[in-house]
Amino acid sequence: MTLHVPSIHYLAILPVVILFGASLALLLLTALLGSKVTARVATSVTTLASLAAFAATFAQWSYVAQHGATTTIAHAIVLDGFSVVATAVVAVSLFLATLVAHDWSLRERVVGAEYQILALASAAGAVMMTQANDLIVVFLGLEILSIGLYVLVAFDRHRSTSAEAALKYFLLGGFASAIFAYGAALVYGATGSTNLTSVSYFLGSNVLLRPGLLYAGGALLLVGFAFKVAAVPFHLWSPDVYEGAPTPVTGFMASIVKVGAFAALVRVLISSLGTQLATWRPILWVLVALTTLVGASLALVQRNAKRMLAYSSINHAGFMLLGIWAGTTRGTAATLFYVMTYAPIVVATFAVVTLVGGPGDENHAIENYRGLARRQPWLGGALAVLLLSQLGAPLTTGFYAKFAVLAAAVDTGAGVLALIALLAAAIAAFFYLRWVLALYADDDLEAARIVVPRATGAAIALGVGATLLFGLWPGPLAALAQHATVLFNP
Amino acid sequence: MHSSLWLTLLLLVPVAGALVAALVAKREGRSYVVAVVTASVEMALTLVVMVLYNNHVAGAQTFDFAGRFVLAAPFGLAYDVALDGISLLMVALTSLVVLLALLGARDRRREPAFVAWLLLLTSFTMGSFVAHDLLEFFIFFELTLIPCYFIISQWGAAQRSRAALKFFIYTFAGSAFLFVGALYLGFAHQHQTQGALTFAYGALSATTMTHGTAVWLFSAFAIAFAVKSPIWPLHTWSPLTYAEAPTAGSIELSALLAKLGSYGLLRFAVGLLPLALPTMRPVLLTLAVIGIIYGSAIACVTPDLKRLVAYSSLAQMGFITLGIVTGSKIAMVGAVLLMFNHGVITAGFFLIIGFIERRRGSATIRDLTGLQGPAPVMAALFTVVMLASIGLPGLSGFVSEYLILIGAFATHVWWGVLGTLGVVLAALYLLWAYQRVFHGRAEGDDAAMTDASTGERWVLAPIVVLIVVLGVFPRPVLDRITPSVQQLIEHVTPAGVNK
């Protein structure tokens, strides 16, 4: 018996190889050189790796544009426009988050390269999810992404809440993974394959007389994803974890988990179970309505910036689901566009929160923000722009993100759902604005200035710059999302 | 046909002014000079546009200065501007009101930021009035919220935070309906033409739809515009916001931003969805009349001058709504004219109230008595503005209200009769307030109040001139509005607008 090694298209897996390779290299270096691998070295390696992965997506893009979408490694990995853009978003998020984490680790005296090793591995997992064309690879990506994050969440050893959050995240994440794996098994039972293309082909050419097994499998997969993206009613872990995790980790997590999970969800629901649209759409309808409304409403009563942002990110997850609900090319492009614009904003927002949090990462009450924009117009103004962007104000990318998903929903005839989501956005506006009000409050003008380290400042500036630039001129990003989806591997 | 560059300049000059004002923030008073210069340039540009404007552009009907550039094709997003007689009047109002607000309601607290927001607001308001694309209009419409929010929340009175939040959330929630409606209309058009997604005004107005769809869309649009205008019963944000905003903010909100609501109702709800008008007309007429009577009644008993003007505005906006939806051409022309006149008159009101407040630290009617003695000129100016608001023949308010009521009587008698009650009530609450504030014997602080300064008189001069000139000779303005309204009506008429 001979073992057939499937052909490998190296360009397709180049970003994963770069990110994971950098992670392993750092790990080796730390093992060999010990404390000589300083935070500066680790950060440099990570930023270089993320930039290299970003550069690799350009090569991938030109390949896809020329040759079209392709699969490799026994059709388990796919290289298409969608995956390329999503990979680029992961790389950018990693880059920005690394800059923030660098200053944070100096401030909190976190020595060693472990943080960056785990972050690189998690990012590799997220990229793998965007490229997965097989439920097993989705699962693998999900686990690689999550395991790194479990540890990162617990990284602040001085605070017990950090460990508590990690345990909570680990237990619930473990459940979610188990549910997902069970769902994958049931889908395999129903269709005879875990490969997304084969499942799609099977469902397209066969009529299931007893679809119960498939429905159960699909439902469990959806629950698994809903846990990961914190869709209501599977959101309960997220406020605690967002609050307990070290702030830069929260920003990193909020961005790359969303990218990875939504990319994989699009693949599973649209390309694999696309024929079952009529079955999963009503479920998603309820999920979207609940997620947007509950996320916005519960955020209203929060007094802690990180918890508030957790609920805000739940609200955003609802909007991203709205694009998937549409089930069309426009909807897929819209969700991709939403993720593309959301990721840098959320990293930059948490970067400001990291700075305000101060040594010990503890000042997260909204009161800590009073008068910030008065004392430090640039820092406070940046946060105001980021919050307005999350709110969906025009001239920021947040507006076009909402526009894109709502347009896709209305195009598919979901006027009511779009209206529900928009009213939820109006509720959400309340707490973003209350925060902005605090920023521009008259009092506390004598409070200590917050020092903005260079790397974090750069990350914030990049996030704000992207929001404003593409908010003024969304054409290129919109076209990119559209092309990426046209080059989607069906 | 003129170049759209003129309109683009109208949008960019204030933005540039805001940037420069922010850059020279270090030097005391410098940013104010920049802002005044910018507003003057804007005014000059507006005058140029007014002179150049050509009512009869071949092919484009009454729209002049048209230009369209697609910004993001997948979203159907385009920069598309054009100007007709109706927009022209609103653009003129915008330039005028901003200049007056800057000159007459200077706020020295953190001035650079204040004038920068004010100038940005000018640009966004201009954008809404010249937008020839539903999506673009919506974006500008939403954008105006941000400067307003900052102006109210940072320079307002004691309850400013609450007022700013209430204002933002109300308007934002209202425009959610407009957003969904606009998207629906855009896709309905795209599905019909099988072409690219577009929100261009001309394209959308050719969309065919069922009566039911039109009614739903009209309702969605009307909710957003009713919040902004405000139309009863969605007005509840306005008294608090007008009262708590700084003087310049109140002027902007009531004189300009309220007009965005009625302008939107006329241009986009009535203009794009004429099919729904027969069904929606009784509803809107009723709401308008309730607004007129309710606003006037509350204005009679409100203890605060700013709130009085806020409620009086509610009544005036009722008149405008009445004129827009009756469907008679003469009433529509009157409504557009009243949009302008009401803007000028309220600006006058808030400016004078601001002058009084600056001297006496209060705008509560009970705190003020006998101001006529120490401040005769101010009393005289207030009288002119007040009489124009009441609708005294020979002053501007009369012409517009008269046109609206003629139209209303010709088409919807009973609503016209009830609306006329509002004119009577306006005389009651304004004269009564005038008596309490300006008549009687001035004592204490009231007696020591100084009269309007030379600068303040000059700021009010254009308002008085406009009130008088448009009262006796409104012809030139009517000549520019009428063809545009005619064109709108011709589009609307087949759906049975004219009785």
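Author: **Where the two chains meet**

Chain A puts 29 residues into the contact and chain B puts in 25; two residues are in contact if their C-beta atoms, placed from the backbone, lie within 7 Å. This is a predicted model, in which local features need pLDDT of at least 70 and side-chain atom pairs count only at pLDDT 80 or more, while totals for chains, interfaces and linings use all residues. Residues are numbered from 1 along each chain as its sequence is written, and chains are lettered from A and ligands numbered from 1 in the order in which they are written.

On the side of chain A that touches chain B, at least two residues each come from helix 16 (397-411), helix 17 (415-439) and helix 19 (475-486). Helices (H or I, at least four residues) and strands (E, at least two) are DSSP runs, numbered from the N terminus. Helix 17 of chain A contributes the most to this side, 11 residues. By class, this side of chain A has 24 nonpolar, three polar and two charged residues. Here Ala, Val, Leu, Ile, Met, Phe, Trp, Tyr, Cys and Pro count as nonpolar, Asp, Glu, Lys and Arg as charged, and the others, Gly among them, as polar. For the complex, the predictor gives an ipTM of 0.84 and a pTM of 0.90.

Now the chains themselves. Chain A has 19 helices and two strands. Its radius of gyration (taken over C-alpha atoms) is 21 Å, close to the 23 Å that the globule rule (2.2 Å times the number of residues to the power 0.38) gives for 490 residues, so chain A is as compact as a globular protein of that length. Chain B also comes to 19 helices and two strands. A compact globule of 499 residues would have a radius of gyration near 23 Å, and the 22 Å of chain B agrees with this.

The mean pLDDT (the predictor's confidence in each residue, from 0 to 100) of chain B is 86, and 97% of its residues reach 70 or more. In residues 495-499 of chain B the pLDDT is below 50, and this stretch has 15 contacts in the model beyond near neighbours in sequence.

Within chain A, helix 15 (residues 377-391) and helix 18 (residues 454-472) pack at about 45°, with their axes 10 Å apart. Axes are lines fitted to C-alpha atoms, for helices over the stretch in contact, and angles run from 0 to 180 degrees between N-to-C directions. Helix 15 and helix 18 of chain A are therefore oblique to each other; under 35 degrees counts as roughly parallel, over 145 as roughly antiparallel, 65 to 115 as roughly perpendicular and the rest as oblique. Among the residues that meet are Ala382(A) and Val385(A) in helix 15 and Ile460(A) and Gly463(A) in helix 18. This contact divides into six nonpolar, three polar and no charged residues.

In chain B, helix 3 (residues 85-104) and helix 4 (residues 111-130) cross at roughly 170°, their axes coming within 9 Å. These two helices of chain B are therefore roughly antiparallel to each other. Their contact has 10 nonpolar, four polar and no charged residues. Helix 6 (residues 145-155) of chain B packs against helix 7 (residues 160-193) of chain B at about 165°, with the axes 8 Å apart, and the pair is therefore roughly antiparallel.
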